[in-house]
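Work through the exercises below with the sequence and the structure side by side, and try each task before you read its solution.

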Amino acid sequence: MLQLRPTCENCNRSLPPESTEAYICSYECTFCASCVENVLHNVCPNCGGGFQQRPIRPKDELMRNPSSTNIVYKPINQEKFKVLLGKNKDVLPEER
Ligand SMILES: [Zn+2]
Ligand SMILES: [Zn+2]
């Protein structure tokens with residue numbers, strides 16, 4: 001089950017479960033649309049994978065299985081990320 005983390009890991013902007021701006025990698029590292037597009041270029045800084053829009057859990061389901069309240073705030077390390085970005089930026093996620 002997805003955790004539905006409450007914020008963007010890079011900029012800490014709020015990403016409530018109904019947000020259409022939330023993107024996740026296969027490990028559920030969670031970022032906002034703006035960071036994915038303008039900062040990460042579809043490369044997850046933790047695993048190098050690509051992102052997909054996070055699915056939205058219906059309200060009734062959220063009552064039974066609430067979203068996570070555990071904030072993960074880990075802004076990218078520019079130096080380290082540059083290497084990962086260089087390696088993956090021009091490779092489709094399905095070919096990484
Ligand atoms: Zn962000
Ligand atoms: Zn990741």
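Two strands pair if DSSP finds at least two bridges between them, and strands (E, at least two residues) and helices (H or I, at least four) are DSSP runs numbered from the N terminus. The model is predicted, so that local features need pLDDT of at least 70 and side-chain atom pairs pLDDT 80 or more, while totals for chains, interfaces and linings use all residues. Residues are numbered from 1 along each chain as its sequence is written.

**Exercise 1.** Work out in which order the strands form the sheet.

Solution. Begin with strand β1 (residues 22–24), which is joined to β3 by 2 bridges and runs antiparallel to it; one of the residues involved is isoleucine 24, whose bridge partner in β3 is glutamine 52. Next, take the whole open sheet, where 3 strands follow the order β2-β1-β3 with antiparallel pairing. The edges are then β2 (30–32) and β3 (52–53), each of which pairs on one side only.

**Exercise 2.** Find the residues of the largest nonpolar core that touch the most other members.

Solution. Such a core is a set of buried Ala, Val, Leu, Ile, Met, Phe, Trp, Tyr and Cys residues joined through C-beta atoms within 7 Å, where buried requires 20 or more other C-beta atoms within 10 Å. Among the 15 residues of this core, Phe31 and Phe51 touch the most other members, and β1, β2 and α1 each supply at least two of its residues.

Key. Chains lettered and ligands numbered in written order. Buried ≥ 20, exposed ≤ 12 C-beta atoms within 10 Å, placed from the backbone.
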